[in-house]
Amino acid sequence: MRYVDPHVSLIRPVRPRTPGECEDCVAVGSRWVHLRMCRTCGKVVCCDSSPMRHARTHALTAGHPIVRSLEPGENWS
């Protein structure tokens, strides 16, 4: 039997809502290290190396666990 990750069904064809900035960091006046884009809704959030770790918070609160790197030269999810 072949395993299929149940999260794959959450991936949508989205575009970054706020290219170049973490919208949650901007809202609270914080800084970020690296940016990630939610593959379900397109929200741009900061990585776990950033002080506020908004990508993790978004995954837990919105139930959107798959992100894509928005860093130049990176092409991973």
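This is a predicted model: local features need pLDDT of at least 70, side-chain atom pairs count only at pLDDT 80 or more; totals for chains, interfaces and linings use all residues.

Cys 46 is buried, at 0% relative accessibility.

For Cys 46, the nearest cysteine sulfur belongs to Cys 25 and lies 3.7 Å away. The cut-off for a disulfide is 2.5 Å between the two sulfur atoms, so Cys 46 is in no disulfide. Cys 47 is in none either. Its nearest cysteine sulfur is that of Cys 46, at 6.6 Å.

Now the sheet. Which residue in β2 does Leu 35 stand opposite? Its counterpart there is Cys 46. β1 and β2 pair in the antiparallel sense, over three bridges. Their hairpin has five residues between the strands. Within that hairpin, Gly 42 takes a positive phi near 85 degrees.

β1 has another partner. Three bridges join β1 to strand β3, residues 67-69, and the two run antiparallel. Arg 36 stands opposite Ser 69 in β3. Cys 38 has Val 67 of β3 as its bridge partner.

The three strands form an open sheet in the order β2-β1-β3, with antiparallel pairing. β2 and β3 stand at the edges. Each has a single partner strand, so one side of each is left without a neighbour in the sheet. From one strand to the next, the twist averages 40 degrees.

Look next at the faces of β1. In a regular strand the side chains alternate between the two faces of the sheet. In β1, Leu 35 and Met 37 lie on one side, while Arg 36 and Cys 38 lie on the other. All four are buried, and both faces of β1 are covered. Note that Arg 36 is among these buried residues.

What lies across β1 and β2? Helix α2, residues 54-62, does. The helix runs at about 120 degrees to β2.

The charged side chains come next. How many salt bridges does the model hold? The count comes to four.

Begin with Lys 43 and Asp 24. Their side chains meet in a salt bridge, at 3.0 Å from N to O. The pair links distant parts of the chain, 19 residues apart. Lys 43 sits in the loop between β1 (35-38) and β2 (44-46), and Asp 24 sits in helix α1, residues 23-28. Is Lys 43 buried or exposed? Lys 43 is buried, with a relative accessible area of 13%. Asp 24 counts as partly exposed, at 21% relative accessibility. The cut-off for buried is under 20%, so the two partners fall on either side of it.

Glu 23 takes part in another salt bridge. Its side chain meets that of Arg 17, again with N to O at 3.0 Å. Glu 23 is partly exposed at 21% relative accessibility. Arg 17 is partly exposed as well, with a relative accessible area of 45%.

Move on to Asp 48. Asp 48 forms a salt bridge with Arg 56, and the closest N and O atoms are 2.3 Å apart. Asp 48 counts as partly exposed, at 37% relative accessibility. Arg 56 counts as partly exposed too, at 41%.

Turn now to the segment before α1. His 7 lies there. His 7 is partly exposed, with a relative accessible area of 35%. Which residues does His 7 touch, leaving aside its neighbours within four places in sequence? The contacts are Pro 65 and Ile 66. Arg 31 is 24 residues from His 7 along the chain, and their C-alpha atoms are separated by 29 Å.

Last, the annotation. UniProt lists residues 3-77 as "domain: UBP-type", in an unreviewed entry. The end C-alpha atoms of residues 3-77 lie 18 Å apart. The span is 20% helix and 13% strand.

Definitions and conventions
Residues are numbered from 1 along each chain as its sequence is written. Side-chain values use heavy atoms; hydrogens and water are left out. Buried means under 20% relative accessible area, exposed over 50%, partly exposed in between (1.4 Å probe, protein chains only). UniProt positions are given in the numbering used here, feature names are shortened, and annotations may be inferred rather than shown by experiment. Two strands pair if DSSP finds at least two bridges between them. Axes are lines fitted to C-alpha atoms, for helices over the stretch in contact, and angles run from 0 to 180 degrees between N-to-C directions. Contact means heavy atoms within 4.5 Å.
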